[in-house]
Amino acid sequence: LIEAQAATERLESDLSSERQRNEELNTELEAFRHDIWCVEEVQQALEAVNRSGSEFVIHVDHRIRTALNGLLGMVELLQSTELSSEGLDFALGASSAGHECLEVLNDVLEYCRLDAGHVVVSEELVEVHSLMEDCAGLAREALLGGPVAVELRCGERVPARIQGDGRHLRTVLGHLIENAAQNTTEGQLVLAVDVVGQGPTATIQLSVSDT
């Protein structure tokens, strides 16, 4: 009887310790859940701030674009007036810088639209060979006539036209070309388009590769 009583006391002590441990674990679990909730709240707040910033840029875009287009228009009118050789160089430089600013604005706006979920993909007939020729010309300009050769490869199965978003295709290829041109000092830069696969699952593959 004495041994049974001692065993019972030990069991009760073990149960008490287990209850205490469970309470500690529950407390830690609640603290962990609270930390997760705080992290999620912060993440949602940051995403809201990012969206707000993107929405702001989208809303003020037309005001910036209007002013910039007006400036470019005035520079173009200035070029048609009687200017000295030096003055014409200044006007041409201002026009070039203005168009570069417009391109940067377009890139920033496109990123903000993507971030805010406002990107609209257009469906149009895209002249594949014309698109690739334009991109090859962009590559030659980016390389500034240096020792790097530009090669254009079009697969035999590539159709003359595809249904897609030509503007976004040009943007993506343009960024790849600029990156390749900045990191290639010799060799070649290859623009390629080909058909991958057969039948309904066939896709058009465009690529930019460099030495």
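Start at the largest pocket. Its lining residues divide into three nonpolar, four polar and nine charged. Here Ala, Val, Leu, Ile, Met, Phe, Trp, Tyr, Cys and Pro count as nonpolar, Asp, Glu, Lys and Arg as charged, and the others, Gly among them, as polar. You are looking at a predicted model, where local features need pLDDT of at least 70, side-chain atom pairs count only at pLDDT 80 or more, and totals for chains, interfaces and linings use all residues. Residues are numbered from 1 along each chain as its sequence is written, and side-chain values use heavy atoms, with hydrogens and water left out.

**Stop 1: the pocket**

The largest pocket holds about 590 Å³ of space. Select Glu103, Leu138, Arg170, Thr171 and Glu178: of the 16 lining residues, these are the closest to the pocket's centre. A pocket is an open set of points on a 1 Å grid over the protein atoms alone, where a 1.4 Å probe fits, with protein on both sides within 12 Å along at least five of seven lines; lining residues have an atom within 4 Å of a point. Grid points are joined across faces, edges and corners, and the volume is the space filled by probe spheres set on the points.

Now colour helix 2 (85-115), helix 3 (128-143) and helix 4 (166-182). Each supplies at least two residues of the lining. Helices (H or I, at least four residues) and strands (E, at least two) are DSSP runs, numbered from the N terminus.

**Stop 2: helix 2**

Helix 2 has 31 residues. From first C-alpha to last it reaches 45 Å, close to the 45 Å expected at 1.5 Å a residue. That expected span is 1.5 Å times one less than the number of residues. Select its buried residues (under 20% relative accessible area, 1.4 Å probe, protein chains only). Among them are Gly87, Leu102, Glu110 and Cys112. Just after the helix, glycine 117 takes a positive phi of about 75 degrees.

**Stop 3: helix 4**

Helix 4 has 17 residues and reaches 24 Å. Its buried residues include Gly166, Leu173 and Ile177. What covers the buried residues of helix 4 includes helix 2, helix 3 and strand 1 (124-127).

Histidine 168 is buried, with a relative accessible area of 17%. Leaving aside neighbours within four places in sequence, histidine 168 is in contact (heavy atoms within 4.5 Å) with Glu110, Val119 and Val120.

**Last stop: the whole chain**

Zoom out. The protein chain has four helices and five strands. From the N terminus on, they run α-α-β-α-β-β-α-β-β. Buried residues make up 22% of the 211 residues.

Technical notes
Buried < 20%, exposed > 50% of the residue type's maximum accessible area, 1.4 Å probe, protein only.
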